[in-house]
Amino acid sequence: MSPQIKKILLVGVVALVLFLLITQPTQSAEAVQTALGWLRDGAEALVTFVKSLFA
């Protein structure tokens, strides 16, 4: 992919995220909380896995 296309896509994604944050702040906050919950659950699963390796 050319650098210009990457830059255009990045600007488009940032614009979309800003649009959603401004027009739907409650739903955006819920989506972020959900994503952070998934990350936390994944991190906890990795910690459990590593602990079980060395136990």
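Which residues does Ser-28 touch, not counting residues up to four places away in sequence? Ser-28 touches Leu-20 and Leu-21. Contact here means heavy atoms within 4.5 Å.

This is a predicted model, in which local features need pLDDT of at least 70 and side-chain atom pairs count only at pLDDT 80 or more, while totals for chains, interfaces and linings use all residues. Residues are numbered from 1 along each chain as its sequence is written, and side-chain values use heavy atoms, with hydrogens and water left out.

Start with the whole chain. It has two helices and zero strands. Helices (H or I, at least four residues) and strands (E, at least two) are DSSP runs, numbered from the N terminus. The radius of gyration of the protein chain is 18 Å, well over the 10 Å that the globule rule gives for 55 residues, so the chain is more spread out than a compact globule. That radius is taken over C-alpha atoms, and the rule is 2.2 Å times the number of residues to the power 0.38. Along the principal axes, the C-alpha atoms fill a box of roughly 50 × 35 × 5 Å.

Of the 55 residues, 4% count as buried. Buried means under 20% relative accessible area, exposed means over 50%, and partly exposed lies in between (1.4 Å probe, protein chains only).

Return to Ser-28. Its place is in helix H2, residues 25-54. Ser-28 counts as buried because its relative accessibility is 12%. A polar atom of its side chain lies 2.8 Å from the backbone oxygen of Gln-24.

Next, take Leu-20. This residue lies in helix H1. Leu-20 counts as partly exposed because its relative accessibility is 34%. Leaving out residues up to four places away in sequence, Leu-20 touches Pro-25 and Ser-28. Lys-51 is another matter: Leu-20 and Lys-51 are 31 residues apart in sequence and 40 Å apart in space, C-alpha to C-alpha.

Finish with Val-17. It lies in helix H1, residues 3-23. Val-17 has 43% relative accessibility, so it counts as partly exposed. Val-17 also belongs to a nonpolar surface patch with Leu-10, Val-13, Val-14, Leu-18, Leu-21 and Ile-22. Together, these seven residues have about 660 Å² of accessible area. Like charges are joined within 9 Å, and nonpolar side chains (Val, Leu, Ile, Met, Phe, Trp, Tyr) within 5 Å.

Notes
Patches are made of residues with over 30% relative accessible area and no salt bridge: like charges are joined within 9 Å, nonpolar side chains (Val, Leu, Ile, Met, Phe, Trp, Tyr) within 5 Å. Accessible areas come from the Shrake-Rupley method with a 1.4 Å probe; for residues, only the protein chains shown count as cover. A salt bridge is a side-chain nitrogen of Lys or Arg within 4 Å of a carboxyl oxygen of Asp or Glu. A polar contact is a pair of N or O atoms within 3.5 Å; within protein, one must be able to donate a hydrogen and the other to accept it, and residues adjacent in sequence count only if both atoms are side-chain atoms.
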